[in-house]
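Please read these notes with the model open beside you.

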Amino acid sequence: MRLLLSILIACAIALGLGGWSAQWAVEHGTNFDAVRVGPWSASPFSGTPEADPYAKARRAKLAQLTLGGGEGIVFQAETDALGNRLRRECEYRLSGRTPVSRVFTLSAHTDEGQLILPESGRPGWLTSNSILRQENNSFDIAVGPEARAGNWLATLGQGPYTLTLALYDTPASAITGAAGLELPTILPDGC
């Protein structure tokens with residue numbers, strides 16, 4: 001009887017801890033294959049059969065579509081260049097360039113993966129064909145709730161968010177091409 005009770009307790013503990021750790025991995029992400037470039041991170045295998053199962057489950061839970069291995073790569077940043085969490089009520093400046101790609105998009109998302117839509121009439125994203133660039137092909141983008149001249153990505157509300165930079169049809173989508181990239185810096189510009 002004592003042996004049976006010990007087995008039942010051991011099974012309950014194993015199932016409880018196993019279920020909890022799997023749920024934690026799905027909710028918080030695992031990033032086993034993540035490539036980091038400053039505050040930006042990407043998972044080059046996310047749209048391939050080699051993606052880890054927890055990342056697949058997280059994307060399914062958030063209803064996110066992924067890019068295939070040759071289609072592009074998606075970088076996300078939750079912090080600025082100083083390591084502080086991005087906040088919707090604060091102003092930021094993205095400066096620099098993107099790697100070579102046919103098209104890129106920049107958007108802001110809640111921690112649950114929902115696109116942050118500003119007031120009606122304004123898009124919640126910027127695309128490479130609508131960005132004003134300098135002569136050396138670099139750009140500056142203001143991100144925040146207050147309208148700015150030039151390139152501006154509007155945010156709305158309060159709380160943390162994630163910037164998403166999707167590069168389409170780029171050599172950076174290969175795992176070997178993602179590590180040495182130059183991506184825009186995210187500098188705080190007031191809060």
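**Notes on the model**

1. Isoleucine 9 lies in helix α1, which spans residues 2–28. Helices here are DSSP runs of H or I with at least four residues, strands are runs of E with at least two, and both are numbered from the N terminus. Isoleucine 9 is partly exposed, because its relative accessible area is 45% and the class covers values between buried (under 20%) and exposed (over 50%), found with a 1.4 Å probe and protein chains only.

2. This is a predicted model, in which local features need pLDDT of at least 70 and side-chain atom pairs count only at pLDDT 80 or more, while totals for chains, interfaces and linings use all residues. Residues are numbered from 1 along each chain as its sequence is written, and side-chain values use heavy atoms, without hydrogens and water.

3. Isoleucine 9 belongs to a nonpolar surface patch with Leu5, Ile13, Leu17 and Trp20; together the five have about 550 Å² of accessible area. Such a patch takes residues with over 30% relative accessible area and no salt bridge, joining nonpolar side chains (Val, Leu, Ile, Met, Phe, Trp, Tyr) within 5 Å. A salt bridge is a side-chain nitrogen of Lys or Arg within 4 Å of a carboxyl oxygen of Asp or Glu. Areas come from the Shrake-Rupley method with a 1.4 Å probe, and for residues only the protein chains shown count as cover.

4. The protein has 3 helices and 10 strands. Their order from the N terminus is α-β-β-α-β-β-β-β-β-β-β-α-β. Of the 191 residues, 39% are buried.

5. Strand β9 (residues 162–168) is mostly covered, with 6 of its 7 residues buried. Strand β3 (residues 72–77) pairs with β9 in the antiparallel sense over 6 bridges, and valine 74 faces alanine 166 of β9. Strand β5 (residues 103–109) also runs antiparallel to β9, joined by 7 bridges; there phenylalanine 104 stands opposite leucine 167. Two strands count as paired if DSSP finds at least two bridges between them.

6. Which strands make up the open sheet of 4 strands? The order is β8-β7-β4-β10, with mixed pairing. Its edge strands, β8 (151–154) and β10 (185–188), each pair on one side only. Strand β7 (residues 139–144) pairs with β8 in the parallel sense over 4 bridges, and isoleucine 141 has asparagine 151 of β8 as its bridge partner.

Methods. Patches are made of residues with over 30% relative accessible area and no salt bridge: like charges are joined within 9 Å, nonpolar side chains (Val, Leu, Ile, Met, Phe, Trp, Tyr) within 5 Å.
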